[in-house]
Amino acid sequence: MTNDIVNPNDAHKKSSILQDQSRRDFIKCSAWAGAGVVWMLSGGIPKAFALDAAGNVPEGMSLTDTFHFVQISDSHIGFNKEANPEPIKTLNEAIGRINALPQTPSLILHTGDITHLSKPEQFDTAAEVLKGLPAQVHYVPGEHDTLDEGNGKLFLERYGKGTKGSGWYSFDDHGVHFIALINVLNFKDGAMTSLGDEQLKWLADDLRAVKPSTPIVVFAHIPLWTIYEPWGWGTADGAQALTLLRNYGSVTILNGHIHQVIQKVEGNITFHTARGTAYPQPAPGAAPAPGPMKVPAEELRSYLGITDVKTVQGAHPLALVDSTLA
């Protein structure tokens, strides 16, 4: 099996991903900037169809009876450097995009780095701004949310009610099983983080009650798959979590942290990283180190955005539609 990384920042790039031959030939995955892909069964084989920027599918197909939610990430409230001195303004623009969607999302996932320095006043400001969202928000922390002396104590005080261990949890909505994982504690620049044995044991126990046909959405801050190890863009024990998820028909894994869209499909699992709402970062290995990337002011909003995720009844992966703030 070969696994190709698909970077939708290239509006014309297409990638074919060879799948396990026992699953009947291969699945073609294509991705476009500002658009997305919907997966449907055709003749018993999953096939990908392009969505336009408005989230429409090809003529003759339908997205009726769908449940959808939105992912936002990396708001970095408190950041004030040249790459974007007004992250509150761009977060508000992202919220405006969500409120303008043709259908109100059922829920919203924030995949971490709500704040930039984990200061109480930054959490307060973020909470006020995020009140503008039209649906309940489910959170996981980013490493920037765990910089306080309590290693994430302030985050857990606000968002950790009812969670397990260091903040992991799961819930069900519209027949989808959502799993929130924590992989940012004890973060070190350039090093891979981990989930830890306690959380992996909890994940195995949680999945025992989930039917193989149930769509699963996993969300965490740092990607569970290794995108670029020299920058720590991956999770050291992520493969152990993925092993637990391989027996389920539809698994979508959503992450933030790298501030850009990169997608990979591996068997039954779709991996998808989100743009941030604060500032862009360089492509993997394209700079001496990761970090805020300055772009011309008129181009900034084309690097920032949200992800709208739709479920379509049937045994196939979820549709992912990215839109920028441009």
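1. Let's start with the parts list. The protein chain has five helices and 15 strands. Keep in mind as you look around that this is a predicted model.

2. How far can you trust it? The average pLDDT of the protein chain is 80, and 76% of the residues score at least 70. Among the elements, α4 has the highest mean pLDDT, at 98, while strand β2 (residues 27–30) has the lowest, at 28.

3. Where pLDDT is low, the predicted coordinates should not be read in detail.

4. Now the overall packing. Of the 326 residues in the protein chain, 56% are buried. Take the contacts with a separation of 6 or more: 68% of them join residues 24 or more positions apart.

5. Next, the middle. The largest nonpolar core has 44 residues, and those with the most contacts inside it include Phe69, Leu109, Phe178 and Ile216. Among the elements giving two or more residues to this core are β5 (67–72), β9 (176–180), α4 (197–207) and β11 (251–255). There is also a second, separate core of 24 residues, which includes Ile95, Tyr159, Leu304 and Leu325.

6. Which residues is Leu109 in contact with, leaving aside its neighbours within four places in sequence? The list is Phe69, Val70, Gln71, Ile72, His138, Phe171, Phe178, Val217, Phe219 and Leu254.

7. Finally, compare helix α2 (residues 120–130), where the buried residues are Gln122, Phe123, Ala126, Val129 and Leu130. Why do they sit on the same side of α2? They cover an arc of only 125 degrees around the axis, which puts them on the same side of the helix. The general rule behind such patterns is that an α-helix has 3.6 residues a turn, so residues three or four places apart point the same way. The buried residues of α2 pack against β5, α1 (87–99), β6 (108–110), β7 (137–139) and α3 (153–159).

Definitions and conventions: Residues numbered from 1 in each chain as written. Predicted model: local features only at pLDDT ≥ 70, side-chain atom pairs only at ≥ 80, totals over all residues. Heavy atoms only, no water. Core = buried A, V, L, I, M, F, W, Y, C linked by side-chain atoms within 4.5 Å. Buried < 20%, exposed > 50% of the residue type's maximum accessible area, 1.4 Å probe, protein only. Helix = DSSP H or I, 4+ residues; strand = E, 2+ residues; numbered from the N terminus. Contact = heavy atoms within 4.5 Å. Arc of directions from axis to C-beta. pLDDT = per-residue confidence, 0-100.
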